Amino acid sequence: MADYLVIVESPAKAKTIERYLGKKYKVRASLGHLRDLPRSQMGVDTENNYEPKYITIRGKGPILQELKKDAKKAKKIFLAADPDREGEAIAWHLAHQLGVDTNSDCRVVFNEITKDAIKESFKNPRPIDMDLVDAQQARRILDRLVGYNISPILWKKVKKGLSAGRVQSVALRLIIDRENEIKNFIPEEYWSITGLFDKDKKEFEAAFYGDAKKKVKLTNKEQVDSILDSLKGDSFTIANVVKKERKRNPALPFTTSSLQQEAARKLNFRAKKTMMLAQQLYEGINLGKEGSVGLITYMRTDSTRISDTAKDEVKAFIQETYGSDYVSRSTPAKKGPGNAQDAHEAVRPTSTLRTPNELKAVLSRDQLRLYKLIWERFVASQMAPAVLDTVSVDLVNGDVRFRANGSQVKFHGFMKVYVEGEDDQVEEKDRILPPLVEGEHIKFSKIDPKQHFTQPPPRYSEARLVKTLEELGIGRPSTYAPTLDTIQKRGYVTLDAKRFVPTELGEIVHQAVNEYFHDIINIEFTAQMEKGLDNVEEGNVKWVQVIDDFYRDFEKHVQVADAEMEKIEIKDEPAGEDCEKCSSPMVYKLGRYGKFMACSNFPDCRNTKTIMKPIGVTCPSCKDGQVVERKGKTKRVFYGCDRYPECEYVSWDKPIARPCPKCESTLVEKRLKKGVQIQCTACDYKEDAQE
């Protein structure tokens, strides 16, 4: 019979740990929290120091009973939930339910599920950290007070099923603010002049820079024509050659948020999917003879620290695989928010020696892709910087100055393994210039002036929104994925070309929350609240004080909103056309994904139609209709003529109102990996849209 009972959160983790610990240990899973606030009521006594009312979660009773039976037979109980606030709270709840003294050495934590890490952690058990527990309780109670006070008002005044919360309301605000920026954006004209030059039969490009004294911005055609007219012949003089050596440092190992961002950029994974796969890699994968092994460290962290053991192993691997020149000679600076928990490590492989190639047979396609990303990022973080040779050359003709920039990788360093992705940009490529000497003369073969228009800021992608929330100090590693999931499930936003677009319902909710609960969506206020909650975790302030400071003012806003917020009636609007199935009038309705057309004879007639959104462009095919935005069965946006089926014009690319300056044909916005490019549908004209 086992002498010790160990309680973890997941069954997969339980099997792996039990095998490491041996027969004296019985490892059981709690399947997450067993106690929580009740769903049917507030569950917080605001008149009695915000005392929470915890109950056993519905459906968890049998699990609790089994754990109690096992606990009675055990000489000692170890609580080994995850090494974060949430895990500490789970351990605390279990201690209360099983009669374990929270001041005894009952808590075991580990950042990776490997044999050595597990055995070492059981040599150093500790009491439950009540500062961590209080920090989790404070967040849970604060979120309950906000959600269970605002949501009923939204249900009563707007529509049932709505919700508001600290982090989700700020995320929604950011998306709506960006949409308003886009709507109010006024494009500005600007021009570029590119010259194609030739030196010893090697062509290179140089762009107009300015006059002899300063850089000049080109804003209209008259300015461009004046510059071209001022050129004296086709010969330029090399006026200045500046050569430099530039070092590029590797990115630090992953934190939770940087992992979500990079997986979105490089693997096209949603944040929710990234965390699900990371959980699987952390809890353990069956490797055959080795059994089940955790392949990565704990995936909810905001620290970039790595252990000395892991550092020594990866540096030995780099030296053996790539050579001593590729090993980093310096210690990368740790980076993270002020609240980073340095007891945690960065997200990294538990062993660098388990290369992605060796794990192909045991991992699913998506597991392998994520593991490869984590492995490469970690290995690259401990490699030498890349060295690039750069050269800047000024070419002068009278008062006109062109500039050519070149760069070439001299030493790949970490780039041999991995290069960090960037939002809306392509990776750097070599731009090699021929040898150029000051004073020599170079002729151009072509001068190409181009007109451009500035573009509005891009909508938020998941990666960009997570990065923005982190930079603003809103939310924490464990909150980003569920927050993005919630605002989509509530119908506040939709995804268009992997970018967030607010729905009409989202804008209605935002307006209501903004008017009566401005602090909830105030970025500085919310970030300050996060700092207050972090102070609880650090033991600098009592959680009751933080909650009370917030709730005293918040309660007054709730009372005002309940009394004064006018009921928003989302009425069906006449659509001005009849149903083609039953001839009843069609109406506009507001659904989860925005407005749509439906038959007023519902439920007898269930005919629905999507609303066509004109984009202000005449159909380039029939010249009579207007181009409208439509959505296919997969919700992908495309563009077609509103006279369909008489006119069958259709395009995945968005047409724009101005014609091609070269041939007068239709221009479209082409979405590429690097962003948006404007292209002509008839000739080779292209221009980069500046985002």
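This is a predicted model: local features need pLDDT of at least 70, side-chain atom pairs count only at pLDDT 80 or more; totals for chains, interfaces and linings use all residues.
Good morning. Tyr 54 and Trp 92 are both buried, where buried means under 20% relative accessible area, exposed means over 50%, and partly exposed lies in between, with a 1.4 Å probe and protein chains only. Residues are numbered from 1 along each chain as its sequence is written, and side-chain values use heavy atoms, with hydrogens and water left out.

Let me turn to the aromatic rings. Rings of Phe, Tyr and Trp (its six-membered ring) pair if their centres lie within 6.5 Å; planes under 30 degrees apart count as stacked, over 60 as edge-to-face, and the rest as tilted. How many aromatic pairs does this rule give? The count comes to 22. In one of these, the ring centres of Tyr 54 and Trp 92 are 6.3 Å apart and the planes stand at 75°, so the pair is edge-to-face. Tyr 54 lies in the loop between S5 and strand S6 (55–56), and Trp 92 in helix H3 (residues 85–98), so the pair ties together parts that are 38 residues apart in sequence. Helices (H or I, at least four residues) and strands (E, at least two) are DSSP runs, numbered from the N terminus.

Phe 236 and Phe 402 also form an edge-to-face pair, with 5.2 Å from centre to centre and 70° between the planes. Because Phe 236 belongs to strand S10 (residues 235–248) and Phe 402 to strand S14 (residues 400–411), this pair joins parts 166 residues apart in sequence. Phe 236 is buried, at 0% relative accessibility, and Phe 402 is buried at 1%.

Next, Ile 520. This residue sits in helix H15 (residues 518–521). Is Ile 520 buried or exposed? With a relative accessible area of 4%, Ile 520 is buried. Its C-alpha is 7.0 Å from that of Ser 169, although Ile 520 and Ser 169 are 351 residues apart in sequence.

Finally, Glu 646. Glu 646 is placed in the loop between strand S24 (637–641) and strand S25 (650–651). Its relative accessible area is 62%, so Glu 646 counts as exposed. Glu 646 and Gly 625 are 21 residues apart in sequence, and their C-alpha atoms are 9.8 Å apart in space. Thank you.
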